[in-house]
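Visitor: I'd like to learn how to read charges and helices in a model. Could you walk me through one?

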Amino acid sequence: MPAVREQKDESESSSEDEPEKLPCVAWSGVSKRIPVLLFCAEAIVSKDVAIRSVGEKYNLAFKIVRTESRLVRGILVNHGFHEVHPNSNDFNLMWTGSHLKPYLLRSLQDFQKVNHFPRSFELTRKDRLYKNIQRMQQTHGFQNFHIVPQTFVLPAEYQEFSSSFSKDKGAWIIKPVASSRGRGIYLVSSPSQIPLDENILVSRYISNPLLIDGFKFDVRLYVLVTSYDPLLIYLYEEGLARFATVKYDHATANIKNQFMHLTNYSVNKKSSDYVSCDDPEVEDYGNKWSMSAMLRYLRQEGKDTTLLMGQIEDLIVKALLSAEIHIATACKMFVPHRCNCFELYGFDVLIDSNLKPWLLEVNLSPSLACDAPLDLKIKASMISDMFSLVGFVCQDPLLRQPRPDRAGIDSRMKNPTFPCVDTQDKALMCFIVFPGQMKVLRRAQEEYDRRGGFVRIFPTPDTWELYSVAFIILFCVVPSALFCSLISWLFVLVPPSCSKVQARMAFSSYLHRVQLRLLAESRANMGPAWTQKEHDQMELVVRFLKRASSNLRQDMCLEEPSRLLCLSDRQRILSHQLGNFIQLYNQETKQMVESLDKIPNEDRCINSNVFQEFILEASESDLEEVLMFYTQKNKSASVFLGTKCDSSRVKRTSDENRESERHFFIFYVPSHQLRMKYDTAHVIKECFNNRWWSERNTLKSHPPSHIFKLVCDLQVLGVF
Ligand code: ADP
């Protein structure tokens with residue numbers, strides 16, 4: 001009997017709650033006892049009482065804030081949800097048209113969901129999107145991220161724009177930095193037509209668009225992200241092709257004709273030439289087609305649409321990867337539970353006559369308006385599938401105490417029970433070490449099972465290899481009988497973490513932020529009164545300096561400011577001492593870099609340019625997050641607190657010490673091996689034969705270029 005149900009009404013018959021008896025429900029969780037609602041698009045028209053019953057039974061609720069969506073409301077209501085006031089906290093879903101304030105995110109409970117991630121504007125603001133992609137071009141090669149037309153942010157980059165223009169004349173398109181629906185967009189053929197007093201983007205105009213019947217069109221794709229850490233991306237199988245209303249002719253005389261150059265529905269619906277289609281079954285008529293009808297047409301024209309869609313997926317993954325670090329960091333800071341956020345983005349893609357797709361923009365809240373029957377057909381299915389995939393746990397929002405089944409899960413985590421396994425077995429001890437990651441894995445698998453028309457485009461076996469996403473399989477002290485069955489469970493996606501040097505850089509920047517804050521506070525705090533909080537903070541800094549300075553290899557003379565001094569003087573003195581510490585600390589980091597030929601784990605660290613940019617922009621709390629993450633991951637803060645050791649010993653990190661204490665072997669596995677149906681014994685044997693292994697992170701021979709680290713205990717070797 002599902003515990004959620006028990007909580008609602010213990011007196012009711014348990015037979016009603018057998019998993020198979022509830023319609024429209026998928027069972028999730030370790031023991032498949034947590035009901036998750038499944039949606040069906042037909043509900044929008046059929047209003048079937050059976051479909052409403054589960055939502056009504058669990059009192060599921062939603063609220064819609066700062067937006068209006070009849071489609072979302074209709075689907076939820078027809079699945080038994082009821083709408084609560086925008087100020088209410090008793091909801092399962094908050095559907096909002098804008099970003100959420102951090103305090104609202106922080107207050108979310110584990111069963112509650114919102115339809116945006118924090119900092120999504122890194123993708124959806126045109127200027128931020130371009131900057132993030134430009135950064136990837138610089139760090140990963142221009143060609144690899146040549147997915148957006150060349151763009152400049154004016155007036156700041158006017159010089160660069162002028163020199164580009166003089167080298168290669170042609171049309172440019174001007175866009176406000178943060179607007180949508182074609183508003184404020186126009187074409188220019190000379191820099192003199194561009195205003196210099198406004199914040200605008202100027203992009204190279206793609207003057208050779210692919211045409212259908214002589215008309216320019218673009219494609220709207222629906223992309224769902226359910227997690228940024230690890231990144232999970234789904235693309236909906238259907239989209240929309242939107243056509244201009246005037247035949248394309250790129251002569252300069254037509255440059256002002258919006259109905260020819262812009263493909264937005266909101267622009268073209270104003271044209272008297274706009275043709276809409278009343279039959280949802282006719283998908284290739286008028287100014288809006290389904291994406292599949294457009295692809296069918298191109299296939300008939302002899303175009304390689306498989307290649308085209310592959311390139312479009314590649315473009316989507318790359319755009320999301322370019323913003324991943326910002327959004328994942330914001331999630332760590334503000335989002336209390338892994339499943340709280342999901343986001344549906346509208347990707348607008350233009351295809352040129354060479355069949356190359358270009359990313360034009362990413363929409364924060366893609367239009368869910370259903371002006372034509374085709375809109376309703378596509379969007380109702382897409383939204384239903386999205387709600388099933390993200391997975392609403394059937395939990396009455398008014399019953400906020402921890403669910404009894406949740407308590408069950410937690411205790412199972414402490415004493416996990418696998419079939420045929422002795423609970424004293426060492427394999428289970430290892431399982432306890434990584435329960436969070438097991439949850440991530442299970443969640444990804446459950447989402448995948450409920451994906452409907454969504455296709456997971458990242459990660460896939462191909463994208464793991466293509467984008468060189470590092471992941472580690474951890475399987476320690478596993479009895480051989482269970483080994484192969486556990487391996488598919490133990491796939492753990494680990495986002496790249498920072499290296500030791502980067503951890504030290506983050507720490508130094510963090511201290512610098514604290515130093516500046518102390519200084520600013522000392523200036524503002526001239527009065528004699530000071531709070532307990534300020535007192536505690538000062539004590540913390542003093543204690544930290546005492547400990548950390550004793551860890552420096554050079555002596556640092558630390559003078560604790562007298563308690564007789566006023567607060568502002570103490571703050572100033574401490575800030576000064578912190579400055580001295582940072583200087584010595586940075587010197588040691590520099591020596592550390594110079595003395596190491598190759599920093600262990602550097603291959604898996606965050607790209608250095610990305611990291612530098614992050615450090616420059618990060619706030620004190622951003623940095624604190626990074627350091628906490630690093631400390632948790634390495635179970636030690638000694639790397640950035642400093643250790644009195646000589647540089648040759650720096651190589652032996654706490655990781656390695658722990659690993660060698662545990663007699664771990666580290667295998668370097670070529671990714672194609674991992675794609676071979678996880679025949680682990682074979683993979684390990686191959687590693688041994690090829691000598692792609694080491695006991696202490698030093699390779700015996702060079703591994704192939706795409707490698708993954710496989711950490712394995714000696715006992716595992718009994719497998720073969
Ligand atoms: P908005 O958010 O206002 O819709 P877009 O960037 O999507 O702004 O641009 C609106 C339209 O202008 C697109 O649908 C496309 O038809 C056209 N467009 C935008 N950028 C370019 C470009 N670089 N080259 C050619 N056409 C473009």
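This is a predicted model: local features need pLDDT of at least 70, side-chain atom pairs count only at pLDDT 80 or more; totals for chains, interfaces and linings use all residues.

Visitor: How many salt bridges does the structure hold?

Guide: Side chains of opposite charge can pair when their charged atoms come close. A salt bridge here is a side-chain nitrogen of Lys or Arg within 4 Å of a carboxyl oxygen of Asp or Glu. The structure has 21 of them. One joins Asp 229 to Lys 332, at 3.6 Å from N to O. That pair ties together distant parts of the chain, 103 residues apart: Asp 229 lies in the loop between strand 12 (215-228) and strand 13 (231-236), and Lys 332 in helix 12 (residues 305-334). Helices (H or I, at least four residues) and strands (E, at least two) are DSSP runs, numbered from the N terminus.

Visitor: Is Asp 229 buried or exposed?

Guide: Buried means under 20% relative accessible area, exposed means over 50%, and partly exposed is in between (1.4 Å probe, protein chains only). Asp 229 has 15%, so it's buried, while Lys 332, at 31%, is partly exposed.

Visitor: Which residue forms a salt bridge with Glu 283?

Guide: Lys 377 does, with the closest N and O atoms 2.6 Å apart. Glu 283 sits in the loop between helix 10 and strand 15, Lys 377 in helix 13, and 94 residues separate them. Glu 283 is buried at 14%; Lys 377 is partly exposed at 29%.

Visitor: What does helix 13 look like?

Guide: Helix 13 (residues 373-390) has 18 residues and spans 26 Å from first C-alpha to last, close to the 26 Å expected. That expectation is 1.5 Å times one less than the number of residues. Since 14 of its 18 residues are buried, helix 13 is largely enclosed by the rest of the structure. Just after it, Gly 391 takes a positive phi of about 80 degrees.

Conventions. Residues are numbered from 1 along each chain as its sequence is written. Side-chain values use heavy atoms; hydrogens and water are left out.
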